[in-house]
Amino acid sequence: MTLRKDLLSEIILTGKIVWQKHALQRMMERNIPRTDVKKAIIDGVIIESYTQDKPLPSVLIACVNRELKLHVVTAYDFENKTAYIITAYYPDAKYFEDDLITRRK
């Protein structure tokens, strides 16, 4: 089953979220509030899919607008309808094109 953006947004809105320890540590280091992570998932677009990730498939979501420039990696448990926040970071122009979505070659 493919991880769809609308399913993720629904899960985020219903609050079935598991914040991985790694994500919380990085968010604290980077001063990224949970509200921004949720907003990025709801308003952003999936720019990469990692369907072979174990134990769950995951995606990289980019939210790039005037208010927020953030990338979030999240996994989705289809059976339990739960989103797992893996990490969040501010995209770096060193690794992404000016649009902050396209990876540099």
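**Helix H1 and its surroundings**

In this predicted model, helix H1 is followed by Gly-15, whose phi is positive, near 85 degrees.

Q: Why is Ser-9 called buried?
A: Buried means under 20% relative accessible area. Ser-9 has 11% relative accessibility, so Ser-9 counts as buried. Ser-9 lies in helix H1. Leaving out residues up to four places away in sequence, Ser-9 touches Ile-41 and Ile-42.

Q: What makes Ile-12 count as buried?
A: The cut-off is again under 20%. Ile-12 stands at 5% relative accessibility and therefore counts as buried. Ile-12 also has its place in helix H1. Beyond residues up to four places away in sequence, Ile-12 touches Ile-17, Lys-38, Ile-41, Ile-42, Ala-83 and Ile-85.

Q: How far apart are the C-alpha atoms of Ile-12 and Ile-61?
A: They are separated by 13 Å. Along the chain, the two residues are 49 residues apart.

Q: Which residues of H1 are buried, and what do they pack against?
A: Leu-7, Leu-8, Ser-9, Ile-11 and Ile-12 are the buried residues of H1. They pack against E1, H3, E3, E4 and E5.

Q: Why is H1 called roughly antiparallel to H3?
A: Helix H1 covers residues 5–14, and helix H3 covers residues 34–43. They pack at an angle of about 150 degrees, with their axes 8 Å apart. Angles over 145 degrees count as roughly antiparallel, so H1 is roughly antiparallel to H3. The crossing of the two helices is left-handed.

Q: Which residues in H1 and H3 meet?
A: From H1 come Lys-5, Leu-8, Ser-9, Ile-12 and Leu-13. From H3 come Lys-38, Ile-41, Ile-42 and Asp-43. The residues of this contact divide into five nonpolar, one polar and three charged.

Q: Which residues of the largest nonpolar core touch the most other members?
A: They are Leu-8, Met-27, Val-37, Ile-41, Leu-70, Val-72 and Ile-85. The core holds 22 residues. Elements giving two or more residues to this core include H1, H2 and H3, along with strand E4 (69–77) and strand E5 (82–89). The largest share, four residues, comes from H1. In soluble globular proteins, nonpolar side chains tend to be buried together.

Q: What is Val-37 in contact with, leaving aside its neighbours within four places in sequence?
A: Val-37 is in contact with Trp-19, Met-27, Ile-32, Leu-70, Val-72, Ile-85 and Ala-88.

Terms used: Residues numbered from 1 in each chain as written. Predicted model: local features only at pLDDT ≥ 70, side-chain atom pairs only at ≥ 80, totals over all residues. Heavy atoms only, no water. Axes fitted to C-alpha atoms, helices over the stretch in contact; angles between N-to-C directions. Parallel < 35°, antiparallel > 145°, perpendicular 65-115°, else oblique. Left-handed = near helix turned anticlockwise from the far one by under 90°. Contact = heavy atoms within 4.5 Å. Nonpolar A, V, L, I, M, F, W, Y, C, P; charged D, E, K, R; others polar. Core = buried A, V, L, I, M, F, W, Y, C linked by side-chain atoms within 4.5 Å. Buried < 20%, exposed > 50% of the residue type's maximum accessible area, 1.4 Å probe, protein only.
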